[in-house]
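Please read the points below alongside the model. They are notes for someone meeting it for the first time.

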Amino acid sequence: MPKLNVLVAGSTGYIGVQLIKLLVKHGNVNIKYLCGNTSVGKNISHYDNLLKKNKLPKIVKFDKSYLKYVDVIFTALPNGRAQDISNQLLRHNVLIDLAADFRLNKASDYLKWYKQNHRSVKNIKKSIYALPEITGSEVKKYNIIGCPGCYPTSILLPLIPLIKKNLIKTDNIIIDSKSGYSGAGRDVHKRYKDKNLYESLSPYGVGFHRHNSEIQQEINHHSKKKFSFTFTPHLTPMFRGILSTIYLDLDKDANINKLEKALNKEYSKSRFVKILKTNSLISTNDVINTNNCYLSICKTKYKNRVIILSVIDNLIKGGAGQAIQNMNLKFNFPETKGLLWKN
């Protein structure tokens, strides 16, 4: 089978570099262009020494003429930039965006939460919000694929099956999420220079983080019940990984066994979502450098309340790995292709 020619735009950020490190392991991909801005002319190994052994093109500035020669465009760019590229796509191109440009179904919601007008409104309806374990082969119908954010990935994977089965109350869910500082991008040290990232824990976006819109939209898509939640993200003194702690009240007649049964049934065929035994204490270290999501349901002192722990690697399952998983589904490759390894 011929290899897909791939362009990576935003190749030097944490997500972009991780994406390249995965793509070079994928037997059906040829990386034709690596695009950047201030990095033009450099080798990608300048940003990660592990890529020195791979024969990769030097970084160039994006030009729409490249679209003739590639099948897939991965965009790991600041919000808004993938919209402009989407307006230039040719019929054979598939755009897989790792930012937020095609996560929201309404341009008005994008303006509200991202404070900028959407510059490709016509393409919103031509795109899909693709959480692979939930949307699956639906991506085959679309040439613009919006990958979920890292926090929502860790949150939606446990919540969607439970809400679909009416096992939990949906009126006051508390979500406390902690991420490695890589989730804030390569300029995190400039943006948080007063926070002492290596020795402190910092909440941010309290009450109004942009991912609220994404979580709300997707839960509403799977439930007719009114859904209300409070989400607080934190930056932690570690480089990568996310731990989301979700506090839930059970619906009547529900119990932990039913919750575990629902999750196990939903993900029985998944190679990446793993349901652990009740009260398993999981950590980000369990999933670092993998495309896995580990879930654990924990008892509390209240019979009708449980705590769900969810861990992922924000750069892989919450970013680059999920994008490749969607590519695999789109092009009929094995879903795990290029994703069952550690670096």
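1. Helix H1, residues 14-23, is mostly covered, with nine of its ten residues buried. Buried here means under 20% relative accessible area, exposed means over 50%, and partly exposed lies in between (1.4 Å probe, protein chains only). The buried residues of H1 are Tyr14, Gly16, Val17, Gln18, Leu19, Ile20, Lys21, Leu22 and Leu23. Helices (H or I, at least four residues) and strands (E, at least two) are DSSP runs, numbered from the N terminus.

2. On the basis of these notes: this is a predicted model, in which local features need pLDDT of at least 70 and side-chain atom pairs count only at pLDDT 80 or more, while totals for chains, interfaces and linings use all residues. Residues are numbered from 1 along each chain as its sequence is written, and side-chain values use heavy atoms, with hydrogens and water left out.

3. A salt bridge is a side-chain nitrogen of Lys or Arg within 4 Å of a carboxyl oxygen of Asp or Glu, and the structure holds ten of them.

4. What is the order of the strands in the open sheet? Seven strands form it, in the order E3-E2-E1-E4-E5-E7-E6, and the pairing is parallel. Strand E3 (59-60) and strand E6 (127-129) stand at the edges with a single partner strand each, so one side of each has no neighbour in the sheet. Two strands pair if DSSP finds at least two bridges between them.

5. Strand E1 (residues 4-9) and strand E2 (residues 29-35) run parallel and are joined by six bridges. In this pairing Asn5 stands opposite Asn30 in E2. Five of the seven residues of E2 are buried, so E2 is largely enclosed by the rest of the structure.

6. E1 also runs parallel to E4, with four bridges between them. Val8 is placed opposite Phe74 in E4. Four bridges likewise join E4 to strand E5 (residues 94-97), again in parallel, and the bridge partner of Phe74 in E5 is Ile96.

7. Which way do the side chains of strand E4 (residues 72-75) point? Val72 and Phe74 point one way, Ile73 and Thr75 point the other way, and all are buried. In a regular strand the side chains alternate between the two faces of the sheet.

8. Pro148 lies in the loop between strand E7 (144-146) and helix H6 (150-164). With a relative accessible area of 1%, Pro148 is buried. Its C-alpha atom is separated by 9.8 Å from that of Leu104, a residue 44 places apart along the chain.

9. Another salt bridge joins the side chains of Asp84 and Arg119, at 2.9 Å from N to O. This pair links distant parts of the chain: Asp84 is in helix H2 (residues 81-86) and Arg119 is in the loop between helix H3 (107-114) and helix H4 (121-124), 35 residues apart. Asp84 is partly exposed at a relative accessible area of 30%, and Arg119 is partly exposed at 41%.

10. How far apart in the chain are Lys164 and Glu266? Their side chains meet in a salt bridge of 3.5 Å, N to O, and they are 102 residues apart, with Lys164 in helix H6 and Glu266 in helix H9. Lys164 is partly exposed, with a relative accessible area of 38%. Glu266 is also partly exposed, at 27%.

11. Lys165, Lys258, Lys261 and Lys265 form a positive surface patch. Patches are made of residues with over 30% relative accessible area and no salt bridge; like charges are joined within 9 Å, and nonpolar side chains (Val, Leu, Ile, Met, Phe, Trp, Tyr) within 5 Å. Lys and Arg count as positive and Asp and Glu as negative, with His and the chain ends not counted. Lys261 belongs to helix H9 (residues 256-266) and, at 66% relative accessibility, counts as exposed.

Conventions:
Accessible areas come from the Shrake-Rupley method with a 1.4 Å probe; for residues, only the protein chains shown count as cover. The place of a charge is taken as NZ of Lys, CZ of Arg, CG of Asp or CD of Glu.
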